[in-house]
Amino acid sequence: MTVNDMLDGRKLLEIDRLDRIYLSLTVPGLVVGGQVVGFLTGHEGQAHPVAGAAGTPGQTFRRAVESFARSNNIPVITFTGKKDQRRPGVLADTPWPERKIDQVMPLIRKAAAAGRSQVVAVGVAQEFQRVFTGTKSETGTGAVWFTYQRTERRVTCYYFYLWDTDFGPVFIKVCAYFPYPGKIWTNGHEWAKRQAAQAGIGFRELSNGFAACDDPAALQAICDRFGPGTIAVFTEPWWARLPLPFTPTDRAPGYWWDIAMRLVEVAKTIVFTAPRHARAFFEALTADNLDIGRPDNMEIIFDRQIRSTTHGVFRTALDRDNDNMGVNAFYRHSRIKYYLKDRRALRIETVINDTYDLGVLRRLEHLDEIITKTRDVNHRLLDTIRVGQGCVLASPALERIAQPTLTEDGRRAPALRFGDPRVMALTGALCLHLFAVTGLTNKRLRALTARLLGTTYTTGQMTYDLRRLRLNGLITRVEHTHTYVLTPDGQRLAIFYTKLHDRLLRPLTAADQPQALPELRHALNTIDQHVQNYITRARLQTPA
């Protein structure tokens, strides 16, 4: 069975949804030193913005956190960052960094069993943060002034681990040093599970996802509801409940956190009817698509061009973990990966570490836009998988392209004959630009075709080849540009020609060579003997 057979006939559930989301908390009015001076003098009413004055609210915040935890009997966990050498199955001299979540998970499970929103624990850690520090300067005449600038300092950070009846496990991190930057971490899968349970939709859980659902359409509708307003509804009750460095008096003139996207992960999960189908699917998929995400192919998935001035990492990695495999394609600060989930599902995930990679602003109000674009990225990868595994053309379609024909308006469409070196180089180049929706240009396609052809390939020849691709319906021209995009027929033809030539005909024509498989060489010798017997019986003289 092909990959398309598996996707169409062995699929139990397919869901698109937001996965992890990591948000940054910053105050727009406290970004540069001058704004700090304005905060201290104009808002706090200090006569002079002396060095250290910005630290006073931080001390008050620390005392408030200690009082809050003590009065509500909330466990306080100090994260030391030491190494743990006592993990099961690990050699005693093998160091492992401490994981905060491992210490908190037992408390989170206990809170989940209670079934009510609560603060599970307060974590205390010393971490490096970009905070303001004040310096005192003095002139030769004795005049004194104070300046504030951002620096990296190791400061106290508080982690408020929460159990929310709508969101499940969440943590809010707040730095105890001015201007009190923070983070929010939550998981869209956990939110969707609780919304589905509240709506009475039956489902079976997959780790960080869904294994089956009684009403997939209703579940997808729930996943589509997650947006900026969902986060706002979640944060407001907790702002009123938690001890914070900013007060309502600070919030009124605008000294409050603005929420921005630091990491967004959007996943497509396809659950198969049986684990053996998932494994067979993934083995075929991995063998055929290892080059997804390499520099020449970035346009295919991310719809973003790579130029000589583009910075970042562009590579593909194959990971193996407990007999599971995953393919990661890295693009600048972000990546897309697909892997076998719990041995029964295909998971495609796009992880955006910088929304500017996709041309989206970072503020939370643009979350819907980044979700739309990342879902499109996931769909493009799935479409690439489908085309790569289902490129066999029907005979009429192949005959139309391989022979000269006339278009509907009477123009002659030149043929693209299989086996012609120039055609094979052209289709091979088109494979490298599969789904390049930002375009194929004469200059770029000519360079790739010339490299594969190995001889001179002129702009005139490229223009002629673009014309016959267009007349045969394999590419379309983007209006008002010199850019072309492949049609579905063009995608299938490029892969069909290339696979047929490189993976079938070339190995078969080398079947009599020592490196060929013994079974293939034996079969070829048998055919030669039968052909020789026919020649002998026909009494034909063989050439000397």
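Reply: Cysteine 157 has 0% relative accessibility, so it counts as buried. Cysteine 175 also comes out at 0% relative accessibility, and it therefore counts as buried too. Bear in mind that this is a predicted model.

Cysteine 157 takes part in no disulfide. Its nearest cysteine sulfur belongs to cysteine 175, 4.5 Å away. A disulfide needs the two sulfur atoms within 2.5 Å.

Next, the loop. Strand E7 covers residues 168–175, and strand E8 covers 182–187. Proline 179 sits in the loop between these two strands. Is proline 179 buried or exposed? Its relative accessible area is 5%, so it is buried. The cut-off for buried is under 20%.

Which residues does proline 179 touch, leaving out those up to four places away in sequence? They are Val27, Leu30, Arg130, Val131, Phe132, Arg150 and Phe246. Take arginine 130 from that list. Proline 179 and arginine 130 lie 49 residues apart in sequence. In space, their C-alpha atoms are 9.0 Å apart.

Now move on to helix H5, residues 188–198. Arginine 194 has its place in this helix. Its relative accessibility is 18%, so arginine 194 counts as buried. Leaving out residues up to four places away in sequence, arginine 194 touches Trp163, Asp164, Thr165, Asp166, Phe167 and Gly168. Gly168 falls in strand E7, which runs 168–175.

Helix H5 also meets helix H6, residues 216–224. Their axes come within 10 Å and cross at roughly 130°. That angle makes H5 oblique to H6. The crossing of the two helices is right-handed. H5 brings Trp191, Ala192, Gln195 and Ala196 to the contact. H6 brings Leu219, Ile222 and Cys223. By class, six of the contact residues are nonpolar and one is polar. No charged residue takes part in this contact of H5 with H6.

Helix H14 spans residues 442–453, and helix H15 spans 459–471. Their axes also come within 10 Å, here crossing at roughly 105°. H14 is therefore roughly perpendicular to H15. H14 supplies Asn442, Leu445 and Arg446 to the contact. From H15 come Thr459, Met462, Thr463 and Leu466. This contact divides into three nonpolar, three polar and one charged residue.

Finally, the setting. The protein chain has 544 residues, of which 45% count as buried. It holds 17 helices and 19 strands. Consider contacts between residues at least 6 apart in sequence: 66% of them join residues at least 24 apart.

Notes. Residues numbered from 1 in each chain as written. Predicted model: local features only at pLDDT ≥ 70, side-chain atom pairs only at ≥ 80, totals over all residues. Heavy atoms only, no water. Axes fitted to C-alpha atoms, helices over the stretch in contact; angles between N-to-C directions. Helix = DSSP H or I, 4+ residues; strand = E, 2+ residues; numbered from the N terminus. Parallel < 35°, antiparallel > 145°, perpendicular 65-115°, else oblique. Contact = heavy atoms within 4.5 Å. Nonpolar A, V, L, I, M, F, W, Y, C, P; charged D, E, K, R; others polar. Left-handed = near helix turned anticlockwise from the far one by under 90°. Buried < 20%, exposed > 50% of the residue type's maximum accessible area, 1.4 Å probe, protein only.
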